[in-house]
Amino acid sequence: MSVRAKKHLGQHFLNDENIAKKIADSLTEKGYNNVLEIGPGMGVLTKYLLEKKSNVTVMELDSESVTYLHEVFPVEHIKLDTSKDKFTIIEGDFLKQNLAKTFNGEQVAIIGNFPYNISSQIVFKAIENRAIVPEFSGMFQKEVAQRIAEKKGSKVYGILSVLAQAFYDVEYLFTVPPNVFNPPPKVDSGVLRMTRKEDYTLPVDEKFFFRVVKTAFNQRRKMLRSSLKSMNLSDTLKEDPIFAMRPEQLSVQEFIELTDKIASHGDRNNERTS
């Protein structure tokens with residue numbers, strides 16, 4: 001049995017064993033026992049995750065792929081120490097999952113060859129669940145992977161860059177050409193790893209930090225005194241040099257400082273909730 005790649009699901013099946021192993025090896029296996037693979041397709045990455053002897057869960061939306069996985073990876077044929085390890089196949093949409101409930105609040109690393117059309121949403125969900133996601137590793141469209149890892153000063157540095165790097169150390173690992181997929185995508189892919197920071201709490205209100213970052217980048221070509229005017233900045237506050245900058249010029253730490261300045265001197269009560 002084989003699985004037909006479905007365009008509406010953004011499926012491009014990886015068929016290079018060496019790259020699959022490199023992606024699996026990108027996980028450090030530190031501080032957690034559970035690994036969740038999103039979109040396993042025909043399991044080329046799955047088998048290498050199983051070799052790492054973690055508790056592996058795969059989550060797949062495509063029912064045809066789920067049937068294939070049950071046939072290729074029957075639980076009774078997988079050599080597991082059942083007192084320590086387990087293998088689970090879940091048919092479902094990752095974006096609709098309650099991860100804390102699925103994994104009983106335990107730490108879980110996320111990995112996968114992510115569908116391009118929802119890859120950014122997958123990252124945002126991982127960030128939202130950062131308390132239980134110590135590592136995140138996988139393959140994206142190259143431009144998206146680079147954007148997540150990009151530092152300030154670049155035109156592609158944006159909301160996803162700041163929010164990911166506020167809580168995780170992000171590393172762009174390697175580039176993958178189109179010809180190792182079936183069907184081949186029209187662009188290169190990129191693999192990155194996000195490792196949660198030892199202290200992943202912020203010294204400011206986190207929801208307000210998210211709002212400041214998103215509001216600033218919604219008008220990224222404008223100076224902050226203009227893009228953030230909906231926050232009713234005082235005239236004195238707008239004279240601060242930081243408000244003469246554009247959002248791509250600010251590091252994560254500077255966005256934290258910006259959030260603190262607005263929280264201390266701006267009028268947050270008149271903001272619209274994002």
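Visitor: Which residue forms a salt bridge with Lys 152?
Guide: Glu 254 does, with the closest N and O atoms 3.4 Å apart. Bear in mind that this is a predicted model.

Visitor: Where do Lys 152 and Glu 254 lie?
Guide: Lys 152 is in the loop between α6 and α7, and Glu 254 is in helix α11, so the pair ties together parts that are 102 residues apart in sequence. Lys 152 is partly exposed at 43% relative accessible area, and Glu 254 is partly exposed at 21%.

Visitor: How many salt bridges does the count come to?
Guide: Eight. Another of them joins Asp 25 and Lys 52, with 4.0 Å between the closest N and O atoms. Asp 25 sits in helix α1 and Lys 52 in the loop between α2 and β3, 27 residues apart.

Visitor: Is Lys 52 buried or exposed?
Guide: Lys 52 counts as buried, because its relative accessibility is 16% and the cut-off for buried is under 20%. Asp 25, at 41%, counts as partly exposed. Lys 21, Asp 25 and Lys 52 are linked in a network of salt bridges.

Visitor: Now the sheet. What is the strand order?
Guide: β4-β3-β2-β5-β6-β9-β7, an open sheet with mixed pairing. β4 and β7 stand at the edges with a single partner strand each, so one side of each has no neighbour in the sheet.

Visitor: In what sense do β3 and β4 pair?
Guide: Parallel, over five bridges. Met 59 has Ile 90 in β4 as its bridge partner.

Visitor: Which strands does helix α1 lie across?
Guide: β5, β6, β7 and β9, running at about 175° to β7. Helix α6 also packs on the sheet, touching β6, β7 and β9.

Notes
Residues are numbered from 1 along each chain as its sequence is written. This is a predicted model: local features need pLDDT of at least 70, side-chain atom pairs count only at pLDDT 80 or more; totals for chains, interfaces and linings use all residues. Side-chain values use heavy atoms; hydrogens and water are left out. Two strands pair if DSSP finds at least two bridges between them. Helices (H or I, at least four residues) and strands (E, at least two) are DSSP runs, numbered from the N terminus. Contact means heavy atoms within 4.5 Å. Axes are lines fitted to C-alpha atoms, for helices over the stretch in contact, and angles run from 0 to 180 degrees between N-to-C directions. A salt bridge is a side-chain nitrogen of Lys or Arg within 4 Å of a carboxyl oxygen of Asp or Glu. Buried means under 20% relative accessible area, exposed over 50%, partly exposed in between (1.4 Å probe, protein chains only).
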